[in-house]
Amino acid sequence: MRGLLGRGHSGPMKIIVTMSLGVGLAEWQRQGILERETAAYRQRCPEATVYLLTPDRDLRPFRDALAPLRALSRPRWCPVLLYSLIGPLLHWRALRGCDEIRCHNGRGLWTSTIANLLFGGRYVVRMGYIWSWDMVRRGVPIWKLLPVLVSEWIACRLADRIEVAAPRQAEYLRVIHGVN
């Protein structure tokens, strides 16, 4: 499927990875997983150009760990929540003509869904962390839970592939969102 701003391109495969709402490269570094995650994308997609849409503002500390991945940062004027919604539009020149869009986990769903609707490409939803599952477990009020459930439902409907970390997560998606 081609999105509204999607255009064909020549050259290497182009992959967009949307990071989580508020969880970017600095958080990956703090958790000690920056090298592991970036190495996984380099190994999985050696011939591809991979763009990481990240909420980080300053990418200088991560240049060495990222190469040859390309990170697209959040402008200083833009709050994290707003960036999660308009980030794909802000970086449209780099992202148009993509072949694949991947979200990194449940908190990055609406960013990746918006990117998919705008640019098209194969849509891979990775649910290592299912936001609604955690919210239900914590007893979050329905008015906060509902937008998250809707974003998960839409992403599951648009996804070409859904990846989960555990069988219990797959069962949750089947029960809550009707995923096969």
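Tryptophan 143 is exposed, with a relative accessible area of 63%; here exposed means over 50% relative accessible area, buried under 20%, and partly exposed in between (1.4 Å probe, protein chains only). The structure is a predicted model, in which local features need pLDDT of at least 70 and side-chain atom pairs count only at pLDDT 80 or more, while totals for chains, interfaces and linings use all residues. Residues are numbered from 1 along each chain as its sequence is written, and side-chain values use heavy atoms, with hydrogens and water left out.

Helix H8, residues 142–158, contains Trp143. Helices (H or I, at least four residues) and strands (E, at least two) are DSSP runs, numbered from the N terminus. Together with Ile142, Leu146, Val150, Trp153 and Ile154, Trp143 makes a nonpolar surface patch of about 650 Å². Patches are made of residues with over 30% relative accessible area and no salt bridge; like charges are joined within 9 Å, and nonpolar side chains (Val, Leu, Ile, Met, Phe, Trp, Tyr) within 5 Å. Accessible areas come from the Shrake-Rupley method with a 1.4 Å probe, and for residues only the protein chains shown count as cover.

## Nonpolar cores

In soluble globular proteins, nonpolar side chains tend to be buried together. The largest nonpolar core in this model has 32 residues. A core is a set of buried Ala, Val, Leu, Ile, Met, Phe, Trp, Tyr and Cys residues joined through side-chain atoms within 4.5 Å. Leu95, Leu109, Phe119, Tyr123, Val125, Met127 and Leu173 have the most contacts inside the largest core. Two or more residues each come from E2, strand E4 (100–103), H6, strand E5 (122–127), helix H7 (131–138), H8 and helix H9 (167–177). A second, separate core of 18 residues includes Ile15, Phe62, Ala65 and Leu66.

Leaving aside neighbours within four places in sequence, Val125 is in contact (heavy atoms within 4.5 Å) with Cys103, Leu109, Ala155, Ala159, Arg161, Ile162 and Glu163.

In helix H2 (residues 34–44), the buried residues include Leu34, Glu37, Thr38, Ala39 and Tyr41. Their cover includes E1, helix H1 (25–31), H3, E4 and E5. Tyr41 has a relative accessibility of 1% and counts as buried. Not counting residues up to four places away in sequence, Tyr41 touches Val17, Leu69, Arg102, His104 and Arg126. Tyr41 and Leu66 are 25 residues apart in sequence, with their C-alpha atoms 9.8 Å apart in space.

Helix H4 (residues 80–90) has Tyr83, Ser84, Gly87 and Pro88 as its buried residues. Seen down the axis of H4, these fall within an arc of 115 degrees, so they line one face of the helix; the arc is that of the directions from the helix axis to the C-beta atoms. Among the elements that cover the buried residues of H4 are strand E2 (49–53), strand E3 (70–72), helix H5 (92–95) and helix H6 (109–119).

Thr18 is placed in strand E1, residues 14–18. At 0% relative accessibility, Thr18 counts as buried. Apart from neighbours within four places in sequence, the contacts of Thr18 are Leu53, Arg102, Cys103, His104, Gly108, Thr111 and Ser112.

The peptide bond from Ala67 to Pro68 is cis, with omega near 5 degrees. Pro68 is in the loop between helix H3 (63–66) and E3.

## Salt bridges

The whole structure has 12 salt bridges, each defined as a side-chain nitrogen of Lys or Arg within 4 Å of a carboxyl oxygen of Asp or Glu. Arg36 pairs with Glu37, the closest N and O atoms being 2.7 Å apart. Arg36 is exposed at 52% relative accessibility, whereas Glu37 is buried at 5%. Asp58 forms a salt bridge with Arg60, with 2.9 Å between the closest N and O atoms. Asp58 is partly exposed at 29%, and Arg60 is exposed at 61%.

In the salt bridge between Asp134 and Arg137, the closest N and O atoms are 2.5 Å apart. Asp134 and Arg137 are 3 residues apart in helix H7, and so are separated by about one helical turn. Asp134 is buried, with a relative accessible area of 14%, while Arg137 is exposed at 60%. Glu100, Arg102, Arg122, Arg161 and Glu163 are linked in a network of salt bridges.
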